Amino acid sequence: MANEFEFYSIIPYLDKIEHVFSGVILCFVGLLFFRQINKHVEILHLQSKIAVWFSFFFAVAMAGFWEIHEFTTDWLFGLTSQMGSLLDTMWDIICGTAGAIATSRYLTYKARKKELPLIDVDNAEDPQIHVTSK
């Protein structure tokens, strides 16, 4: 939509801002996936570090996947979402990773306080699930 309404020419670095925020959002999505993957275990000894690492790597992998998607659609349909530039692609991945790093640091801080979003809060009510942070 930003291409369609020419927002990229109006707002400087909008593309990079979007990729930073996608890294943040995808870190939380990764944390949600981690929780969903592990919800059927009867006694769950989760380490917060594993949850944070999983969410970080999920976000970075999705940043790479998105750039592969952009490259493929550009190549197949003759589009210009990557502006034909490896530099744009790499900066997009770097910005997504930077957002994921910042979010992972936040999640590590919350894990140390045993307040990891989507993990500690929800599991505190369930006596069968034990969450540990080391």
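User: Which residue follows α3, and is its phi positive or negative?
Analyst: Gly 78 follows α3, and its phi is positive, near 70 degrees. Helices here are DSSP runs of H or I with at least four residues, strands are runs of E with at least two, and both are numbered from the N terminus. This is a predicted model, where local features need pLDDT of at least 70, side-chain atom pairs need 80 or more, and totals for chains, interfaces and linings use all residues. Residues are numbered from 1 along each chain as its sequence is written, and side-chain values use heavy atoms, without hydrogens and water.

User: OK, and how many residues does α3 have, and how far does it reach?
Analyst: α3 has 30 residues and covers 43 Å from its first C-alpha to its last, which is close to the 44 Å expected at 1.5 Å a residue (that is, 1.5 Å times one less than the number of residues).

User: What about α4, how far does that one go?
Analyst: With 27 residues, α4 reaches 39 Å between its first and last C-alpha, close to the expected 39 Å. Lys 114 follows α4, and its phi is positive too, near 60 degrees.

User: Switching to rings, how many aromatic pairs are there?
Analyst: The structure holds seven aromatic pairs (ring centres of Phe, Tyr or Trp, taking the six-membered ring of Trp, within 6.5 Å; planes under 30 degrees apart are stacked, over 60 edge-to-face, the rest tilted). In the pair of Trp 53 and Phe 57, the ring centres are 5.5 Å apart and the planes make 20 degrees, so this pair is stacked.

User: Where do those two sit in the helix?
Analyst: Trp 53 and Phe 57 are four residues apart in α3, so about one helical turn separates them. Phe 57 is partly exposed, because its relative accessibility is 48% (buried is under 20%, exposed over 50%, partly exposed in between, with a 1.4 Å probe and protein chains only).

User: Which residues form an aromatic cluster?
Analyst: Phe 33, Phe 34, Phe 54 and Phe 58 form one aromatic cluster.

User: And which residues does Ala 51 touch?
Analyst: Leaving out residues up to four places away in sequence, Ala 51 touches Leu 31, Phe 34, Leu 116 and Ile 119 (contact means heavy atoms within 4.5 Å).

User: Last one, where is Asn 38, and is it buried or exposed?
Analyst: Asn 38 lies in the loop between α2, residues 14-37, and β1, residues 44-47. Asn 38 counts as buried because its relative accessible area is 17%, and a polar atom of the Asn 38 side chain is 2.9 Å from the backbone oxygen of Phe 34.

Note on methods: A polar contact is a pair of N or O atoms within 3.5 Å; within protein, one must be able to donate a hydrogen and the other to accept it, and residues adjacent in sequence count only if both atoms are side-chain atoms.
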